[in-house]
Amino acid sequence: MPDDYDKAAYPEPPRQTPAVDKQTALPNPALILSKLFYYTVDLPVTTFRDTIDSIRSKNKLVYYHQKFRRVPDLMDCKEGDFTCYYEADMQWRRDYKVDQEIVKVIQERMRACQQREGHSYQQNCTKEIQQFNEVTKNFQSRYGDLGAYANARKCLMKQKERMMAAQAQSA
């Protein structure tokens with residue numbers, strides 16, 4: 001820069017930041033409110049959430065998958081053990097729902113393949129079609145014709161009848 005610049009046009013910046021002149025001895029109310037909010041609302045909520053997150057991180061299992069222990073089948077229950085009957089029936093209902101979902105998944109795969117392949121789906125989706133036919137045949141043989149009030153006892157009786165008919169045909 002040249003030596004002859006105009007100092008009045010370009011004054012030098014102050015060397016220190018000026019201190020704020022306090023007019024009162026009372027504390028700042030905005031500061032008091034922010035501290036009050038922090039200690040009454042923010043800190044407890046944050047602490048609670050951190051605690052829950054630490055508990056969830058210890059349990060790496062997906063929280064929406066509930067694992068049930070396998071209970072004995074209806075054939076394994078002793079006569080008159082109504083608790084065992086109930087547990088076997090609940091186990092059968094869970095198995096029934098799982099088998100329904102398996103059929104739905106296989107059906108969705110087959111339909112997706114049919115949609116993807118178009119008119120040539122019969123030759124390109126033979127594996128999916130065969131798998132769907134096998135799954136539906138197995139589902140129908142186990143749960144078909146049980147009616148709206150199906151339970152473990154009806155299913156067991158159906159399996160016994162099917163077994164007896166197979167023995168009668170082979171003899």
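The entries start with the ground rules and then go through helix, disulfides and cores.

**Ground rules.** I am working with a predicted model, where local features need pLDDT of at least 70, side-chain atom pairs count only at pLDDT 80 or more, and totals for chains, interfaces and linings use all residues. Residues are numbered from 1 along each chain as its sequence is written, and side-chain values use heavy atoms, with hydrogens and water left out.

**Helix α2.** I took helices as DSSP runs (H or I, at least four residues), numbered from the N terminus. I checked the length of α2, residues 82–117. The expected span is 1.5 Å times one less than the number of residues. For 36 residues that gives 52 Å, and the end C-alpha atoms are 52 Å apart, so the two agree. After the helix I found Gly118, with a positive phi near 75°.

I then listed its buried residues (buried means under 20% relative accessible area, 1.4 Å probe, protein chains only). Among them are Cys84, Trp92, Asp95, Asp99 and Cys113. The buried residues of α2 pack against α3 (121–124), α4 (126–143) and α5 (152–170).

**Disulfides.** I searched the whole structure for disulfides and got 2. The criterion is a pair of cysteine sulfur atoms within 2.5 Å.

Cys77 bonds to Cys84, S to S 2.0 Å. This link is left-handed, with -75° about the S-S bond. Cys77 counts as buried because its relative accessibility is 12%. Cys84 counts as buried at 10%.

Cys113 bonds to Cys125, S to S 1.9 Å. The S-S torsion is about -90°, so this disulfide is left-handed. It links distant parts of the chain: Cys113 sits in α2 and Cys125 in the loop between α3 and α4, 12 residues apart. Cys113 and Cys125 are both buried.

Counting bonded cysteines along the chain, I read the pattern as 1-2, 3-4. I also looked up Cys155, which is buried at 2% relative accessible area.

**Cores.** Which residues form the largest nonpolar core? A core here is a set of buried Ala, Val, Leu, Ile, Met, Phe, Trp, Tyr and Cys residues joined through side-chain atoms within 4.5 Å. The largest has 11 residues: Leu74, Cys77, Cys84, Ala88, Trp92, Tyr143, Leu146, Ala150, Ala152, Cys155 and Leu156. Helices α2 and α5 each supply at least two of its residues. A second, separate core has 8 residues, including Val103, Ile106, Ile129 and Val135.

Last, I looked up contacts (heavy atoms within 4.5 Å). Leaving out residues up to four places away in sequence, Tyr143 touches Trp92, Asp95, Tyr96, Asp99 and Lys158.

Key
Buried < 20%, exposed > 50% of the residue type's maximum accessible area, 1.4 Å probe, protein only.
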